[in-house]
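Here are my notes on the model you sent over.

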Amino acid sequence: MSTTSQSHPAEPESAKRKAPTEQTSSTPTLTFTTRNPLWTYLKLQLTHQPPVSQSTLTQPLDPLTARTYLSAALNQFLGLSGTAISIDILKIEPSTGTNAKTIWIRVPAPDASAVVAALSSWVGGSSSSGDANGAGNVAWRVCAKGNFLQALVNGSGAEMFVP
């Protein structure tokens with residue numbers, strides 16, 4: 001009996017995986033991709049429209065007032081369905097010398113564009129230009145928006161408005 005050996009044709013080089021080259025650094029690089037983030041994070045600033053009394057500017061922004069202003073903006077822009085959008089207030093920063101009342105919120109990613117449109121176009125407060133207490137009108141300014149909170153916290157948000 002004679003045995004014949006059949007040789008298989010060689011696979012082309014492009015189909016084979018190449019062994020990874022050794023890294024010269026002692027720490028390996030780890031990369032990952034998140035395709036569909038669940039949340040979008042927003043940094044908002046509450047601005048006052050003149051005339052405004054000094055006591056109104058120095059009054060801190062509390063969570064109940066912030067929630068009321070956010071709900072009013074969503075209700076005005078989207079109606080009842082806008083108030084159903086889940087908004088988590090993550091942090092309220094106290095106002096500093098620049099009179100900036102800043103809050104950080106988290107919204108579901110599919111609703112982020114509607115929330116940004118509603119908040120950036122809303123002006124609330126008294127029905128006249130100023131009430132007896134000198135409260136004036138208030139509006140939200142969107143300072144930063146992103147899918148990762150850490151990227152927003154470390155950045156100034158200015159890169160969002162660069163053409």
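What share of the 163 residues in the protein chain is buried?

1. Burial and surface. This is a predicted model. Buried residues make up 28% of the chain's 163 residues. The chain exposes about 11400 Å². Carbon and sulfur atoms supply 55% of that area.

2. Layout. The protein chain has five helices and five strands. Along the sequence they run β-α-α-α-β-β-α-β-β-α. Take the contacts with a separation of 6 or more: 65% of them come from residues 24 or more positions apart.

3. Helix α2, geometry. Helix α2 covers residues 63-78, 16 residues in total. At 1.5 Å a residue it should span 22 Å, and its end C-alpha atoms are 22 Å apart, so expectation and model agree. Just after α2, Gly79 takes a positive phi of about 75 degrees.

4. Helix α2, two sides. Ala66, Leu70, Ala73 and Leu74 are buried. Viewed down the axis of α2, the buried residues fall within an arc of 95 degrees, so they line one face of the helix. On the other side, Leu64 and Gln76 are exposed. The cover over the buried residues of α2 includes the strands β1 (39-49), β2 (88-93), β3 (101-108) and β5 (137-146). It also includes the helices α3 (80-83) and α4 (112-121).

5. Helix α4. Its buried residues are Ala112, Val115, Val116, Ala118 and Leu119. Down the axis of α4 they fall within an arc of 165 degrees, so they too line one face of their helix. The buried residues of α4 pack against β1, α2, β3 and β5.

Definitions and conventions: Residues are numbered from 1 along each chain as its sequence is written. This is a predicted model: local features need pLDDT of at least 70, side-chain atom pairs count only at pLDDT 80 or more; totals for chains, interfaces and linings use all residues. Side-chain values use heavy atoms; hydrogens and water are left out. Helices (H or I, at least four residues) and strands (E, at least two) are DSSP runs, numbered from the N terminus. The expected span of a helix is 1.5 Å times one less than its number of residues. Buried means under 20% relative accessible area, exposed over 50%, partly exposed in between (1.4 Å probe, protein chains only). The arc is that of the directions from the helix axis to the C-beta atoms. Contact means heavy atoms within 4.5 Å. Accessible areas come from the Shrake-Rupley method with a 1.4 Å probe; for residues, only the protein chains shown count as cover.
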